[in-house]
Number of protein chains: 2
Amino acid sequence: MRKIESHHLEDIALGAAVLGTGGGGDPYVGQLMAMAAIEKYGPVNLISPEELDDEAWVVSVGMMGAPTVVVEKIPGGQEPLQAFEALKAHTGKEISAIFPIEIGGINSLIPVILAATTGLPLVDIDGMGRAFPELQMVTFHLVDIPSGPVAMADEKGNSVIVNGVDSVWSERIGRQALTTMGGSVTTCDYLMQGFQLKEAGIHHTFSLAQRIGETVRSLKHRNQSPVEALVEEVAGTLLFTGKVNNLLRRNSGGFTKGEVSLSGLGQDQGRTFTLYFQNEFLVAEADGEVVATTPDLLTVVDVETGVPVTTESLRYGNRLAVIAIPCNEKWRTVKGIETAGPRYFGYNVDYIPLGEESKERRVLQ
Amino acid sequence: MRKIESHHLEDIALGAAVLGTGGGGDPYVGQLMAMAAIEKYGPVNLISPEELDDEAWVVSVGMMGAPTVVVEKIPGGQEPLQAFEALKAHTGKEISAIFPIEIGGINSLIPVILAATTGLPLVDIDGMGRAFPELQMVTFHLVDIPSGPVAMADEKGNSVIVNGVDSVWSERIGRQALTTMGGSVTTCDYLMQGFQLKEAGIHHTFSLAQRIGETVRSLKHRNQSPVEALVEEVAGTLLFTGKVNNLLRRNSGGFTKGEVSLSGLGQDQGRTFTLYFQNEFLVAEADGEVVATTPDLLTVVDVETGVPVTTESLRYGNRLAVIAIPCNEKWRTVKGIETAGPRYFGYNVDYIPLGEESKERRVLQ
C-alpha cells in the first residue's frame with residue numbers, strides 16, 4: 001500500500017492519457033476533480049491486487065458518454081458518490097475497495113475521487129490496460145463477469161440502475177438513457193469479489209500510468225524530445241510522425257467518431273497516414289495500408305512535448321507522433337478480438353497482433 | 001370485493017378504450033393477455049379503495065411507449081411480473097395490492113395480468129380517470145407523490161430502475177431508455193401506501209369502465225346506435241359526427257403524434273372538425289375554433305357500433321362521433337392544468353372547462 005497524494009496526479013493523468021489512446025476524456029478535467037477531492041478528504045490508499053481480500057466486494061467507477069461532452073460539462077464532483085450509493089442501496093453489498101474500469105484519461109481519475117470521498121482503498125488494476133468506448137469492452141467480460149447492475153448518476157441528481165440481460169444490453173440501454181441525462185453520466189458497475197478482480201483484471205496499470213507520466217514530464221523539463229523515451233518505456237513502436245491535414249469528427253449516439261489524416265514530417269516526408277477513431281484511436285493506415293488496429297493501443301502524442309492528444313482535442317496543423325503499443329494478452333484471444341477487434345467497430349479488416357508480419361497488404365474496404 | 005373473471009374483460013376493455021381517449025394502446029391486445037393470465041392463474045379480486053389498508057404498500061403497473069409499437073410488439077406476458085419483481089427487490093417493500101396507473105386501453109388490463117399472476121388484489125381506482133401520454137400526468141403528481149423508483153422491463157429480460165429527481169425527469173429518462181428496449185416496456189411505479197392512493201386517486205374507475213363497456217355492447221347487440229346512450233352514460237357532450245378526410249400521424253420520441261380532420265355528416269354536414277393527438281386526443285377544433293381541450297376527455301367512437309377508435313387505428317374514411325367528457329375536478333386545478341393542459345403539450349390555447357362558455361373565439365396559433 002502507498003499513498004496517492006495531490007502532487008502525484010499530474011503524472012497519473014499524463015500516463016493515463018498515453019494508455020487512453022485518445023479516449024476516456026480529457027485527463028486534465030479528471031486531475032482537477034481528483035485534486036479537489038484529495039484536498040478535501042485527504043490522500044488515497046493505493047493497494048496492490050495481492051493485498052485485496054478474495055472475499056471482499058469491489059466496484060469500479062467511471063464516466064460514460066462522448067468525451068467532447070465530458071470536457072464541456074465538467075462534473076459537479078458528487079456524482080461518483082451518488083452512483084456508488086445507488087449501487088450499494090440497490091445491491092445491499094458492503095463494498096471494500098474501488099478500482100478503475102479503464103486506465104484511460106478521466107476514467108483513471110474518477111476512482112481516485114470516489115476513493116478519497118469514501119475513504120476506501122483504490123486497487124492498482126484495471127479492466128482494459130488502455131481505454132475502450134463501450135461498457136462491456138473489459139477483460140471481465142471475457143470471463144463472463146457481467147457489468148450489471150450498472151448505476152448511473154448525473155449532475156442533476158437523477159440516478160438509474162440498468163440490469164441488462166448481459167453487458168452488451170446494459171451498454172445499449174445505458175448509452176441511450178445518458179443522452180437524456182446531459183450526454184454523460186458517472187457509472188458504478190462491475191461489482192465483483194476480490195478473487196474475480198485479481199484473476200480477470202490487468203495488474204499494476206495505475207502504477208504504470210504514473211511511471212509513464214513521470215518519464216514524459218521529466219524529459220519535457222529537460223527540453224529533450226520525449227517520443228523516443230516514451231516508446232521505450234511502453235515497449236511500443238513509432239508508427240508515424242506527421243502534421244494533421246484533414247479531420248472529420250462528429251458526435252453520434254453518445255460517441256465521438258471520425259478520422260484524422262496526417263502528412264509525413266522528417267523521415268516520413270511524402271507519406272500519408274490516417275487514424276480512425278470512435279472515442280479511442282482504433283485503426284491506423286499508412287499509405288493506404290492498415291498497419292495496426294485495436295485491441296493494440298494507438299497513442300498519439302505531440303512531437304515536441306510528448307503530451308498525448310485525445311480524439312476530441314485534435315486540431316488541424318497539430319504535429320503528432322503515432323505510437324503503437326501491444327495490448328495485454330487477454331485481448332489477443334478469440335473472445336477478446338470479437339469483443340474489441342476492428343470488425344466489432346465496423347472496420348472491415350482482420351486483427352493481426354502488433355509485431356507479427358501480415359502476409360498480404362491489408363486494406364480497409 | 002368482487003371477482004373479475006375472463007368474461008368480464010371484453011366490457012372492461014371496451015369501456016377503458018372510451019375513457020382512454022384514443023391512447024393507452026389497443027385494448028384488444030390487453031384483453032387477450034389478461035384472458036390468458038386469468039385462464040392460467042384464476043380470477044382476480046377487485047377491491048374498493050375503502051377496503052384497502054391505509055398502511056399497505058401498493059404499486060401500479062402498465063406499459064410505456066408509442067401505442068403503434070405496443071400493438072405490433074405483443075408483450076410476452078412475463079414483463080409485468082419482471083417489472084414488479086425488479087421494483088420489489090430494489091425497494092425491499094412487501095407489496096399488498098396492484099392498481100392501474102390509467103384507466104385507458106391496454107393499461108387498464110396490464111394490472112389484471114399482474115394481479116392474476118401474483119394473486120394480489122386489484123384496487124378499483126386509477127391515477128387519471130382517463131389516459132395520458134406521460135408518466136407524471138397522474139393525480140398523484142398533483143399532490144407530489146413521485147413516480148420513482150420506476151422499474152422497467154422488456155420482453156428480452158432487460159430491466160431498468162429509474163430514480164429521477166422528480167417524476168418529469170423519470171419520464172424523460174425512461175422514455176429515452178425504452179427506445180433501445182424495443183420501443184415499449186412494462187413499468188411498475190408509483191409505489192405508495194393505501195392512505196395516499198385513496199386521497200390522490202380517482203375512485204371506482206375500473207367499475208366505471210366495465211359499466212360503459214356493458215352499455216355499448218348491449219346496445220350494439222340490439223342494433224341501436226349506441227352513441228346517444230354512451231353520451232348519457234358518461235355525462236358527456238356529442239361534439240361532432242363526421243368522416244375522416246385527412247390524417248397525419250408519425251412516431252416521434254416514443255409517442256404517436258398527429259392530427260385527423262373530419263368532414264361533417266348528418267347534422268354536421270358542411271362543417272369541418274380537427275382533432276390533435278399525442279398518443280391521446282388532446283385538442284378539438286370545429287370550423288377552425290377550439291371547442292374542447294385536455295384535460296377534458298375527447299373520445300372518438302365508430303358511429304355505427306359505438307366502439308372507440310384509438311389514435312393508432314384511425315383510417316381514412318372512418319365514420320366517427322367525437323364525444324367530450326368533463327375530466328375529474330382534480331385536473332381542473334392550477335397544477336392539474338399546468339401538468340396536462342393544452343399548453344403543456346405545445347398547443348397555444350388556454351384550457352376552458354367543458355360546459356363553461358368561452359368569452360372569445362379560441363384559435364390555435
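1. Strand 3 of chain B gives the largest share of the lining of the largest cavity, with four residues. The model is predicted. In chain B, strand 3 spans 57–65. Helix 3 (67–72), helix 7 (167–180) and strand 9 (184–193) of chain B also supply at least two residues each.

2. The space in this largest cavity comes to about 260 Å³. It has 23 lining residues. Closest to the centre are B:M63, B:M64, B:E102, B:N107 and B:F132.

3. Ten of its residues are nonpolar, seven are polar and six are charged.

4. Turn to the second largest cavity, which holds about 220 Å³ of space. Its lining has 22 residues. Nearest its centre lie A:M63, A:M64, A:E102, A:N107 and A:P133.

5. Which elements give two or more residues to the lining of this second largest cavity? They are strand 3 (57–65), helix 3 (67–72) and helix 7 (167–178), all of chain A. Strand 3 of chain A makes the largest contribution, four residues.

6. By class, the lining of the second largest cavity has ten nonpolar residues, seven polar and five charged. For the largest cavity, the charged count is six.

7. How many cavities of 30 Å³ or more does the structure hold? There are four.

Methods. Residues are numbered from 1 along each chain as its sequence is written. Chains are lettered from A and ligands numbered from 1 in the order in which they are written. This is a predicted model: local features need pLDDT of at least 70, side-chain atom pairs count only at pLDDT 80 or more; totals for chains, interfaces and linings use all residues. Side-chain values use heavy atoms; hydrogens and water are left out. On a 1 Å grid over the protein atoms alone, a cavity is a set of points where a 1.4 Å probe fits but cannot get out, and a pocket is an open set with protein on both sides within 12 Å along at least five of seven lines; lining residues have an atom within 4 Å of a point. Grid points are joined across faces, edges and corners, and a volume is the space filled by probe spheres set on the points. Ala, Val, Leu, Ile, Met, Phe, Trp, Tyr, Cys and Pro count as nonpolar, Asp, Glu, Lys and Arg as charged, and the others, Gly among them, as polar.
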